[in-house]
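Good morning, and thank you for joining.

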Amino acid sequence: MLSSCKQFKAITASDNSVASSKPSKRSGQRGVKFLEDISVTHGQTSTTKVTTGPVAPRSTTNSRLSNTPPSGDIERADWLQLKYAIMLDANVEKLNNVSMLKTIDEWWGTRYCMGGSTKSCIDCSAFTQTVMQSVYNLNIPRTAQEQFNYTERINLEDLNEGDLVFFQTSGRSISHVGVYLLNNKFVHAATSGGVMVSDLNDSYWQPRFKGAGRVRDGKMAMKP
């Protein structure tokens, strides 16, 4: 999965997290852009201020997910919110989509295998299919290229939780896909480490990014 594409500029998405307190800068400057809040409604446009920062080196966050959650639904929800707030640089109270957090946590660390779709092993597009079905009651096509064709193209600054992000890691077609969360972070099944959270401005993913997509309104069915 060492193929490059034409886009090398810093990837910027528009979130609503208030975790960063740095002053806002405009998109003409280089670097990661982090947003000032989080919305959990799939496909909702965000228009908050952003700040910039240096491009982060490629890394995983498995070590932050090694703790055992407490028993009980309320306690587990609180624990998941705290755990992922740290990882995503977001305020705990803004992570209200517990269904998303539970789904990520259930699949975290599941190893990657081409064509897999179970907790024994899973590939990237089967994982996005699973997340969209579990969290949003939404059925999408099976392969990364089909999912790219199925979704409506959106700008990076309009990215919101539940949108899909696509990459060209080999060949000329879309070969990798993940589900966007916030603060330039996305969850995906990676060949290198299985199900994990990565950053769009990661030195590996940034040059391979090919676009973002949102399920068209007529094809979306969200859970209440």
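First, the conventions. This is a predicted model, in which local features need pLDDT of at least 70 and side-chain atom pairs count only at pLDDT 80 or more, while totals for chains, interfaces and linings use all residues. Residues are numbered from 1 along each chain as its sequence is written, and side-chain values use heavy atoms, with hydrogens and water left out.

Let me turn to the rings. How many aromatic pairs does a search of the whole structure find? The search finds seven. Here, rings of Phe, Tyr and Trp (its six-membered ring) pair if their centres lie within 6.5 Å; planes under 30 degrees apart count as stacked, over 60 as edge-to-face and the rest as tilted. One of these pairs is F148 with F166, an edge-to-face arrangement with 5.1 Å centre to centre and 90° between the planes. Because F148 lies in helix α4 (residues 144–150) and F166 in strand β4 (residues 164–167), the pair ties together parts that are 18 residues apart in sequence. Helices (H or I, at least four residues) and strands (E, at least two) are DSSP runs, numbered from the N terminus. F148 and F166 are both buried, where buried means under 20% relative accessible area, exposed over 50%, and partly exposed in between, with a 1.4 Å probe and protein chains only.

F186 and W205 also form an edge-to-face pair, with 5.9 Å centre to centre and 90° between the planes. F186 lies in strand β6 (residues 185–190) and W205 in the loop between β7 (194–199) and β8 (209–214), so this pair ties together parts 19 residues apart in sequence. Both F186 and W205 are buried. Ring pairs also link F167, F186, Y204, W205 and F209 into a cluster.

Two arginines deserve mention here. The charged end of R153 sits over the ring of F148, 3.9 Å from its centre, and R208 lies over the face of Y204, at 3.9 Å from the ring centre. The criterion is that NZ of Lys or CZ of Arg is within 6 Å of the ring centre and within 35 degrees of the ring normal.

Next, the histidine. H188 is found in strand β6, and it counts as buried at 0% relative accessibility. Which side chains make polar contacts with the side chain of H188? One is H176, at 2.8 Å; another is S198, also at 2.8 Å. A polar contact is a pair of N or O atoms within 3.5 Å; within protein, one must be able to donate a hydrogen and the other to accept it, and residues adjacent in sequence count only if both atoms are side-chain atoms.

Now to helix α1 (residues 73–88). Its 16 residues reach 22 Å from first C-alpha to last, close to the 22 Å expected, that is, 1.5 Å times one less than the number of residues. Its buried residues include W79, Y84 and M87.

Finally, the backbone angles. Most residues other than glycine have a negative phi. N183, in the loop between β5 (176–180) and β6, has a positive phi of about 50° although it is not a glycine. N183 counts as buried, at 2% relative accessibility.
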